[in-house]
Amino acid sequence: MSLILTAHGTRRPAGVAMIGDLAARVGELLDRNIAVAFVDVLGPTPSEVLSTVHARNRPAIVLPAFLSRGFHVRADLPAHIEASGHPNVLVTPALGPGPGIARIIYQNLLESGWHSEDSVILAAAGTSDRRARADLDLAATLLSTLTGSPVELGFAATGTPTIRDVVANARRRGARRVVVASYLLADGLFQERLDDCGADLVTRPLGTHPGVARLLADRFREAAASSAGRLYQRTA
């Protein structure tokens, strides 16, 4: 069975390298090779990787390394699977949101120098998708439970409020320090926007944390164990 980690994609070499390193760490935990595919910006695409796997007559598990159930997870990825012609593909749930990811964000906050009196903003790329927005709200709620104080949402790209506006509003309310918790998987343009948003502290992308590799490895294991009832069915 082939294991495929699917991410968004970025033109920044550092971000591409980060996803490659993450896949390598997952592969070490599973003692398996992990292929990487990107749904946007660059290749190889999931359909290209799956076509190669199909040619070898091997079933596949595709893990969407996305932090919400946005358009890429609900529409782009199924379209790629359909285009590949592969009849035996299992797609796992997206990486986030969830308690495991929330704990990693919290650990990143602690390691960055966050204090309990700081104003915390969870910063995502953003979305116009209703279900993805609900996922982001859930992620903020889970993080708030761990920090013991409210956590606001800010967006680096799509939607409002923008991360700059949320930081500025926190300052106007008298926040002593503003800390931005990155809800991004890898380096790229959006992380750069977080770094430049005017906050006192900005955490690193989640893919740099070793706990993410463990979460992904566990997700692959769970999918392999339950594959009989969760195969993607290619339409005729």
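Trainee: What follows α2, and what is its phi like?

Mentor: Asn-57 comes after α2, and its phi is positive, near 60°. Helices here are DSSP runs of H or I with at least four residues, strands are E runs of at least two, and both are numbered from the N terminus. Keep in mind that this is a predicted model, where local features need pLDDT of at least 70, side-chain atom pairs count only at pLDDT 80 or more, and totals for chains, interfaces and linings use all residues. Residues are numbered from 1 along each chain as its sequence is written, and side-chain values use heavy atoms, with hydrogens and water left out.

Trainee: Which residues of α2 are buried?

Mentor: In α2, which covers residues 46-55, the buried ones are Pro-46, Ser-47, Val-49, Leu-50 and Val-53. Buried means under 20% relative accessible area, exposed means over 50%, and partly exposed is in between, with a 1.4 Å probe and protein chains only. Those five span an arc of only 160° around the axis, so they sit on the same side of α2. The arc is that of the directions from the helix axis to the C-beta atoms.

Trainee: Why would residues a few places apart point the same way?

Mentor: An α-helix has 3.6 residues a turn, so residues three or four places apart point the same way.

Trainee: And what do the buried residues of α2 pack against?

Mentor: They pack against strands β1 (2-7), β2 (34-38), β3 (60-64) and β4 (89-91), and against helix α3 (71-84).

Trainee: OK, peptide bonds then. Which bond has omega near 0°?

Mentor: The one from Gly-96 to Pro-97, which is cis. Pro-97 lies in the loop between β4 and α4 (99-112). There's also a cis bond from Thr-160 to Pro-161, with omega near 5°. Pro-161 is in the loop between β6 (151-158) and α6 (163-172).

Trainee: Is Gly-96 buried or exposed?

Mentor: Gly-96 is buried, with 4% relative accessibility. Beyond its neighbours within four places in sequence, Gly-96 is in contact with Phe-66, Leu-67, Ser-68, Ile-101 and Tyr-183. Contact means heavy atoms within 4.5 Å.

Trainee: What about Gly-207, where is that?

Mentor: Gly-207 is in the loop between β8 (201-202) and α8 (210-225). It counts as buried, with a relative accessible area of 1%.

Trainee: Let's zoom out. How many helices and strands are there in the protein?

Mentor: The protein has 8 helices and 9 strands. Its radius of gyration is 18 Å, close to the 18 Å that the globule rule gives for 236 residues, so the protein is as compact as a globular protein of that length. That radius is taken over C-alpha atoms, and the rule is 2.2 Å times the number of residues to the power 0.38.

Trainee: What share of the residues is buried?

Mentor: Of the 236 residues, 50% count as buried. As for contacts with a separation of 6 or more, 75% are between residues 24 or more positions apart.
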